[in-house]
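The sequence and the coordinates are shown first.

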Amino acid sequence: MRAKKSIHAGKGSGEKKRLPGKRKTRLTQKIQKTLRRKTEQFHSHIAGILEATVDFIGYADAKTKQILYINNAGRKMVGIGEREDVTKLKVSDVHPDWTNRMFSDEIFPAAMRNDVWCGECAFLHKNGLEIPV
């Protein structure tokens with residue numbers, strides 16, 4: 001015969017009380033709802049920080065090099081509109097050819113090996129202007 005699982009019902013009571021199935025389900029749902037709300041608040045907070053900075057912040061899929069996100073400052077830097085879909089772009093679309101070669105020859109290998117890369121490269125504005133970084 002299997003023993004029934006129980007959970008602590010009271011704070012610091014030290015005793016275990018079994019909660020009926022429906023009550024346990026409601027408690028679980030309430031915990032999940034709270035966790036979901038806290039996660040959404042955290043994501044909203046982080047998104048606010050990313051959008052408020054004056055620096056280029058973006059990320060892309062490591063395998064496909066497809067851009068997944070660029071913040072507003074980054075969009076302005078390379079001439080991408082606020083409503084423009086960045087997921088149609090590749091990393092190579094926002095960098096000059098020489099920087100793209102650096103990505104494959106130097107930057108990505110160093111980052112994989114050392115978890116970091118430091119150096120100088122450039123972004124490329126839609127109008128062809130190189131922006132050193």
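Is Asn 71 buried or exposed? In this predicted model, Asn 71 is buried, because its relative accessible area is 0%, and a residue counts as buried under 20%.

**Overall architecture**

The chain contains three helices and six strands. Read from the N terminus, its elements follow the order β-β-α-β-β-α-α-β-β. Of its 133 residues, 20% count as buried. The accessible surface of the chain amounts to about 10600 Å², and carbon and sulfur atoms supply 55% of that area. Among contacts between residues at least 6 apart in sequence, 26% join residues at least 24 apart.

Asn 71 occupies the loop between strand S4 (67-70) and helix H2 (72-78). A polar atom of the Asn 71 side chain lies 3.0 Å from the backbone nitrogen of Gly 74. When neighbours within four places in sequence are left aside, the residues in contact with Asn 71 are Leu 50, Glu 51, Thr 53, Asp 55, Phe 56 and Ile 57. One of these contacts, Phe 56, also takes part in an aromatic pair.

**Aromatic and charged pairs**

Three aromatic pairs are present in the structure. In one of them, the ring centres of Phe 56 and Phe 123 are 4.1 Å apart and the planes meet at 25°, so the pair is stacked; the cut-off for stacking is under 30 degrees. Phe 56 belongs to the loop between H1 and strand S3 (58-60), whereas Phe 123 belongs to strand S5 (residues 122-124), so the pair ties together parts that are 67 residues apart in sequence. Phe 123 is buried, at a relative accessible area of 11%.

How many salt bridges does a search of the whole structure find? The search finds one. The partners are Glu 84 and Lys 126, whose closest N and O atoms are 2.8 Å apart. Because Glu 84 sits in the loop between H2 and H3 and Lys 126 in the loop between S5 and strand S6 (130-132), this pair ties together parts that are 42 residues apart in sequence. Glu 84 counts as partly exposed at 31% relative accessibility, while Lys 126 counts as exposed at 54%.

**Surface features on the helices**

Leu 27, Ile 31 and Leu 35 form a nonpolar surface patch, and together they have about 270 Å² of accessible area. Ile 31 is part of helix H1 (residues 21-52) and is partly exposed, with a relative accessible area of 44%.

Ser 104 is located in helix H3 (residues 97-114). The side chains of Ser 104 and Asp 105 are joined by a polar contact of 3.5 Å.

**Exposure of selected residues**

The table collects the accessibility values of the residues discussed above.

| Residue | Relative accessible area | Class |
|---|---|---|
| Asn 71 | 0% | buried |
| Phe 123 | 11% | buried |
| Glu 84 | 31% | partly exposed |
| Ile 31 | 44% | partly exposed |
| Lys 126 | 54% | exposed |

Definitions and conventions. Residues are numbered from 1 along each chain as its sequence is written. This is a predicted model: local features need pLDDT of at least 70, side-chain atom pairs count only at pLDDT 80 or more; totals for chains, interfaces and linings use all residues. Side-chain values use heavy atoms; hydrogens and water are left out. Helices (H or I, at least four residues) and strands (E, at least two) are DSSP runs, numbered from the N terminus. A polar contact is a pair of N or O atoms within 3.5 Å; within protein, one must be able to donate a hydrogen and the other to accept it, and residues adjacent in sequence count only if both atoms are side-chain atoms. Buried means under 20% relative accessible area, exposed over 50%, partly exposed in between (1.4 Å probe, protein chains only). Contact means heavy atoms within 4.5 Å. Patches are made of residues with over 30% relative accessible area and no salt bridge: like charges are joined within 9 Å, nonpolar side chains (Val, Leu, Ile, Met, Phe, Trp, Tyr) within 5 Å. Accessible areas come from the Shrake-Rupley method with a 1.4 Å probe; for residues, only the protein chains shown count as cover. A salt bridge is a side-chain nitrogen of Lys or Arg within 4 Å of a carboxyl oxygen of Asp or Glu. Rings of Phe, Tyr and Trp (its six-membered ring) pair if their centres lie within 6.5 Å; planes under 30 degrees apart count as stacked, over 60 as edge-to-face and the rest as tilted.
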